[in-house]
Amino acid sequence: MTTVNVNVHHVTRVEGHGNVVVDVKNGEIKECRFEVVEAPRFFEAFVRGRPYYELSHITSRICGICSVGHATTSLRATEKALGMEPSEQTVLLRKLNFHGEMIDSHVLHTYYLVAPDFLGVGSVIPLIETHREVVERALRIKKLSGDLCAMIGGRHTHPCAMAVGGFTHLPTEAELRDMRDRFVEARADMDETIALFASLPWPEFERETEYVSLHKDEEYAFIDGTVVTSDGFSYPIEDYRKVTNEKCVPFSTAKWTHHNRDSYMVGALARLNNNFDQLHPRAQEAAAKLGLEPIVTNPFLNTAAQAVEMVHCIEDGLEIIDQLLTRGIQPEEPPPVDVKEGEGAGSCDVPRGILFHNYVYDEDGCCVEANCIIPTNQNMANLNADMQELLPQILDKPQDEIRLTLEMLVRAYDPCISCSAHFLTVEFV
Amino acid sequence: MSDTNTNGKPKVAFFDFASCEGCQLTVVDSLQTHLDLLDAVEIVQFREAMTEKGEDYQIAFVEGSCTRKSDEARLEKIREQADLVVALGACAHLGGVNSLKNLHPLEDVRRWVYGDKADWYETYAARPIGAVIQVDAVIPGCPIDREEFVRVVKALLLGKKPPVPDYPVCVECKLKENVCVLLEGQPCLGPVTRAGCDAICPTYGDGCEGCRGLIPNPNENSMEDVLDEAGLTVEEVLSRFTMFNAYQVQERMAEEEGK
């Protein structure tokens, strides 16, 4: 009979601290779970008392990878609370900036964090010797996305120029034209990316679950929209708590969530499953090459869905740049703010999935209540359910292979544990 | 003192405590333009980016604040092993945004986020790593500046003191010929904040938030007057100062009370 003890303390190549704990005695699974052991950071408590214009700057610090996503979500929550709507130019620039972060985060995850598992190495560093062209391509894509975010926000990690109602700095048309040329050139790198990830032997595992994302009829939704689930539910963003139903679990500083079932999944795969028709035609072609046809129920393919989204963001980014160039950049400043009491909920589908920020302001524009619900937390219950279903299917494999497969499953979710609760370790006890 | 690699490269390790990991990402991003850094050092531990985990290193870069008693032992172990400990970014250097929670009663903060389950999760007042162990060098900023990181690494490898400026952000801002954001009525801590960021926030139209910490002997009273002239209330002025420097503001207040 099988006895397996896997104890991966602080899973590597993820953002934050988490453990995988597996204990199997005589073929019977005693423990199989993913723990989040990141030091909690208490953002929701300490933004209370801060003025409205600081909120997006403070909450972008929840995550160094999705700081544009947090800032955008935060600004939308504040704008709704103050009864403001951004201009058309601001909406376009925010979308373009968001695409930059989406590509940046996805290239980090697909190339730097996941690809080494398939190439039999522990990090991207040995690949500089063995697969130099792959590493150089990854660095090139990362530089492009970082430069795009810097052009709009000043820098990618913790943008300077994003403000309530608009931007405090605008890109020039010359900068946009240069960026356009680089986006056109990046198509070749996207083709190579899809070819690379189409060649990888993804672990075989299927478990259907509920997929939750934003949705818009007119575009592949990243900013605003309605909250939809693959079980047929739809909610306005303000009703986000009906979806998330947060609860504390003792072995995780990340709270767990559930909706129609015991767990749900958010992220690139959930978006692709719910919004496939809105993907750019070239991204749909890429999905076909990767064998992704909704509903995709293998969670390992979340990484493949990220590759598809990179293609989408390049193509849609080109269209946004063209729109901005056709309109011409208008010298808009953020509009004056009519400070008043109010509550607002903002939502964006950031690289790792749907994110909510909800604030209440007093009559002086000081935050009195805040709630942030992070994608990684929403995936925790689903990841644990996947682990529990996957483990019995691989119990006859050598312990090292079990460990690697479980770690790969964790990585497929692209967990970002640094998110307010930081999180991950695999412990085979 | 541990040995250097057989090829003579110093061994370097990266560690993280309570933080967003944006500074480590900035380190990864520095490779876009400085891939040759990997020829100069051997990275033996970098959990965010690699599986290998070597415990033999000379230079330790530490991102994040210390926010739990149980993390002190981990910091002390790093101090014991490393010849040089470098605080990477505002959380490690100052306490940064993590120490905003210190402005509230700890019990209130814990209950607010985790309710009646607060006892499940350990925490204490956030502090810079320098409050727990001796730190040899600092790379300031939230996040760190990519080019400054490369400059500091080069200096450390040459055995020099890292070239972190002790003049204010205003100097760099003037050199860039920016219009002063204070004159436009925006709050800005540029006159008292350590330079080295190339005045990135004012350049992008936003006032300095003080993420690199204060310069030596800053004229804070005068700074408060300037912010007052910009039309900010006392609360807003204090808010500017505490965004990244709450730990220092509280330390100073405690010191003044003690006098």
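The model is predicted: local features need pLDDT of at least 70, side-chain atom pairs count only at pLDDT 80 or more, and totals for chains, interfaces and linings use all residues. Residues are numbered from 1 along each chain as its sequence is written, and chains are lettered from A and ligands numbered from 1 in the order in which they are written.

**Chain A overall**

- Chain A holds 13 helices and 15 strands. Helices (H or I, at least four residues) and strands (E, at least two) are DSSP runs, numbered from the N terminus.
- The C-alpha trace of chain A spans about 70 × 45 × 40 Å along its principal axes.
- Of the 429 residues of chain A, 59% are buried. Buried means that 20 or more other C-beta atoms lie within 10 Å of the residue's own; exposed means 12 or fewer, partly exposed is in between, and C-beta atoms are placed from the backbone.
- Among contacts in chain A with a separation of 6 or more, 74% join residues 24 or more positions apart. Two residues are in contact if their C-beta atoms, placed from the backbone, lie within 7 Å.

**Helix α7 of chain A**

- Helix α7 (residues 173-198) of chain A has 26 residues. Its span from first to last C-alpha is 37 Å, close to the 38 Å expected. The expected span is 1.5 Å times one less than the number of residues.
- A kink of about 30 degrees in α7(A) is centred on A:Arg187. The bend at a residue is the angle between axes fitted to the seven residues ending there and the seven starting there.
- Buried residues in α7(A) include A:Leu176, A:Phe183, A:Met190 and A:Phe197.
- Their cover includes α4 (88-118), α6 (132-153), α10 (281-289) and α11 (302-327) of chain A.

**Where chains A and B meet**

- The contact takes 46 residues from chain A and 47 residues from chain B.
- On the chain B side, α1 (22-30), α5 (106-114), α8 (200-203) and α10 (234-258) each give two or more residues.
- That side of chain B has 24 nonpolar, 11 polar and 12 charged residues. Ala, Val, Leu, Ile, Met, Phe, Trp, Tyr, Cys and Pro count as nonpolar, Asp, Glu, Lys and Arg as charged, and the others, Gly among them, as polar.

**Domains of chain B**

- Chain B is assigned domain 1 (11-157) and domain 2 (169-254). The bounds come from an automatic or database domain assignment.
- The domain centres, taken over C-alpha atoms, are 24 Å apart.
- Domain 1 of chain B gives 18 residues to the contact and domain 2 of chain B gives 14 residues.
- On the domain 1 side, helix α4 (residues 90-94) of chain B gives the most, with 3 residues.

**Backbone details**

- Most residues other than glycine have a negative phi, and most peptide bonds are trans.
- A:Pro294 and A:Ile295 are joined by a cis peptide bond, with omega about 0 degrees. A:Ile295 is in the loop between α10 and α11 of chain A.
- B:Cys142 and B:Pro143 are joined by a cis peptide bond, with omega about -5 degrees.
- B:Glu21 has a positive phi, near 65 degrees. B:Glu21 is buried, because it has 30 C-beta neighbours inside 10 Å.
- B:Glu177 has a positive phi of about 60 degrees. B:Glu177 is exposed, with 6 other C-beta atoms within 10 Å.
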